[in-house]
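Thanks for coming. I will go through one structure, starting with a loop, then the cores, then the cavities. Please have the sequence and the picture in view.

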Amino acid sequence: LSEGKKKQFFPAYDLRPGSSHFPGLSASDFFFIREGGRIKGMCGVWNQKQFKRTRLVSYSPFMRIVRPFYNAFSWIRGGILLPRAGEILDYSFLHCILIEQNDPAVLSSLLSAIFAAEDLPGCYFLLGLDAQDPLAAAAKGIPYRAFHGLHFLVGGAEDPRGNLRAGPFYLEAARI
């Protein structure tokens, strides 16, 4: 797909076998949508447990009381469950997302295929998208929690803003 160049900061990936760019990843970790022999979209699923773990050490006194009620509500509604203190969070990153014409319906189909796959590691999936990316519409109808952050572009003597075009920007949460 030639879609990558349409987003600011889209990286050049080395996806050859043995590349150190994505340790532990294989071709079977990628999902594709094809139509008429053409690839319309792709998304990788990357569980980084072999080299990066997130352990929830403790909760505040308030959250210790609220957590069981929150989990009961989330279980009924299909949301994210909070683990016990001391447990490692079980998640995978959704990465290398390329969707023809930034069509949210294509990403929605990919997400459906990913969520239906029974042999994927991780209970939760993390996906980074620019707030103005049309692909964000693919999350409608899926239980999710949005996190917002600031990204800074820092340059040397030359003002980097002179070379920027309008977004959307490509955010690769799996590489942070």
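Where is Asn-102 found? Asn-102 sits in the loop between β3 and α2. Before going on, note that this is a predicted model. Asn-102 has a positive phi, about 50°, although it is not a glycine. Is Asn-102 buried or exposed? Its relative accessibility is 15%, so Asn-102 counts as buried, because buried means under 20%.

Cys-96 also has a positive phi of about 50° without being a glycine. Cys-96 belongs to strand β3. Its relative accessibility is 1%, so Cys-96 counts as buried.

In soluble globular proteins, nonpolar side chains tend to be buried together. The largest nonpolar core here has 14 residues, and those touching the most other members are Leu-94, Ile-97, Ile-99, Leu-107 and Ile-114. Which elements give two or more residues to this core? They are β2 (38-46), β3 and α2 (104-116). The most comes from α2, with five residues. There is also a second, separate core of ten residues, which includes Phe-30, Met-42, Cys-96 and Ala-174.

Look at Ile-97 next. Setting aside neighbours within four places in sequence, Ile-97 is in contact with Phe-10, Met-42, Cys-43, Leu-107, Leu-127, Leu-135 and Tyr-170.

One of those contacts is Cys-43, and Cys-43 lies in strand β2. With a relative accessibility of 0%, Cys-43 counts as buried. What is Cys-43 in contact with, leaving aside its neighbours within four places in sequence? The list is Asp-29, Phe-30, Phe-31, Leu-94, His-95, Cys-96, Ile-97, Leu-110 and Ile-114. As for Ile-33, it is ten residues from Cys-43 in sequence, and their C-alpha atoms are 9.1 Å apart.

Last, the cavities. How many cavities of 30 Å³ or more does the structure hold? There are three.

Notes. Residues are numbered from 1 along each chain as its sequence is written. This is a predicted model: local features need pLDDT of at least 70, side-chain atom pairs count only at pLDDT 80 or more; totals for chains, interfaces and linings use all residues. Side-chain values use heavy atoms; hydrogens and water are left out. On a 1 Å grid over the protein atoms alone, a cavity is a set of points where a 1.4 Å probe fits but cannot get out, and a pocket is an open set with protein on both sides within 12 Å along at least five of seven lines; lining residues have an atom within 4 Å of a point. Grid points are joined across faces, edges and corners, and a volume is the space filled by probe spheres set on the points. A nonpolar core is a set of buried Ala, Val, Leu, Ile, Met, Phe, Trp, Tyr and Cys residues joined through side-chain atoms within 4.5 Å. Buried means under 20% relative accessible area, exposed over 50%, partly exposed in between (1.4 Å probe, protein chains only). Helices (H or I, at least four residues) and strands (E, at least two) are DSSP runs, numbered from the N terminus. Contact means heavy atoms within 4.5 Å.
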